[in-house]
Amino acid sequence: GHLPRRESLGMMTGLQTGELAAVATALLCTLSAVAWTAAGRHVGALMVSFVRLLVAVVLLAAHGQLFRGLLLPTDATWAQWQVLGLSGFLGFFVADLLLFKAFLVIGTRLSLLLYSLTPPLAAIGAWLVLQQPLSGRSWCAMAVTLAGVAWVLSEHPAKAQVPPVRVLLGGVLCALLAAAFQAISSLLAQQGIGDYNAVSATYIRVLGGVAGFIPLVVMSRRSSAVLATLRDRRV
């Protein structure tokens with residue numbers, strides 16, 4: 001029942017690559033959050049959320065053309081467009097808008113702390129909806145995460161740093177809802193990607209997020225603000 005040595009080493013290498021990718025993702029998301037918060041203080045959460053997706057569309061389109069010869073991911077099935085598009089709408093539009101709002105209200109540190117509940121929520125969702133079993137180690141890891149969040153929330157920082165209770169609760173609610181919507185988005189992405197190209201799947205998800213922002217920007221008459229944000233080199 002033992003795997004051949006070469007296959008075993010290949011599995012270990014793949015696992016290590018996945019773990020390194022996950023750590024790199026966490027690091028980049030943390031650095032991004034700092035940049036989002038700084039830019040959001042100048043132009044607001046809506047503009048930062050929308051404009052960064054426009055930047056992502058340009059980069060993903062360039063990647064697709066360069067590496068796959070496709071300016072748009074037209075090789076995806078209609079079912080993949082639907083599932084991945086909905087995933088992007090919930091993750092890149094609803095969840096990110098809520099998270100950016102939380103950044104501006106309660107700060108990056110507390111927002112990302114609450115947002116760290118996304119993986120446990122996604123794991124529980126996969127267990128309930130997709131019947132993916134959770135090991136005892138998984139339950140222990142989620143317990144440690146929840147304990148860490150509760151520990152930090154129980155701290156009492158200096159009064160000068162504490163916003164009014166109503167504002168604080170609003171920011172906490174935004175961060176928690178962002179984590180919940182992002183968990184649902186992750187489950188949909190997992191269902192929709194299958195064996196499809198990961199970067200192109202992300203492209204479809206980003207387009208789903210853009211599709212959510214366009215009506216909001218038009219209805220709120222913020223088109224001119226988008227153009228002003230794109231011209232602001234610092235932002």
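User: Is D96 buried or exposed?
Analyst: D96 has a relative accessibility of 5%, so D96 counts as buried, where buried means under 20% relative accessible area, exposed over 50% and partly exposed in between, with a 1.4 Å probe and protein chains only. Keep in mind that this is a predicted model, in which local features need pLDDT of at least 70, side-chain atom pairs count only at pLDDT 80 or more, and totals for chains, interfaces and linings use all residues. Residues are numbered from 1 along each chain as its sequence is written, and side-chain values use heavy atoms, with hydrogens and water left out.

User: Which side chain meets D96 in a salt bridge?
Analyst: The side chain of R52 does, at 1.8 Å from N to O, a salt bridge being a side-chain nitrogen of Lys or Arg within 4 Å of a carboxyl oxygen of Asp or Glu. The pair links distant parts of the chain, since R52 lies in helix α2 (residues 45-67) and D96 in helix α3 (residues 78-106), 44 residues apart; helices here are DSSP runs of H or I with at least four residues, numbered from the N terminus.

User: How many salt bridges are there by this rule?
Analyst: The count comes to 2 salt bridges, and D75 forms one with R68, with their closest N and O atoms 2.4 Å apart.

User: And how accessible are D75 and R68?
Analyst: D75 counts as partly exposed at 38% relative accessibility, and R68 is also partly exposed, with a relative accessible area of 28%.

Terms used
Helices (H or I, at least four residues) and strands (E, at least two) are DSSP runs, numbered from the N terminus.
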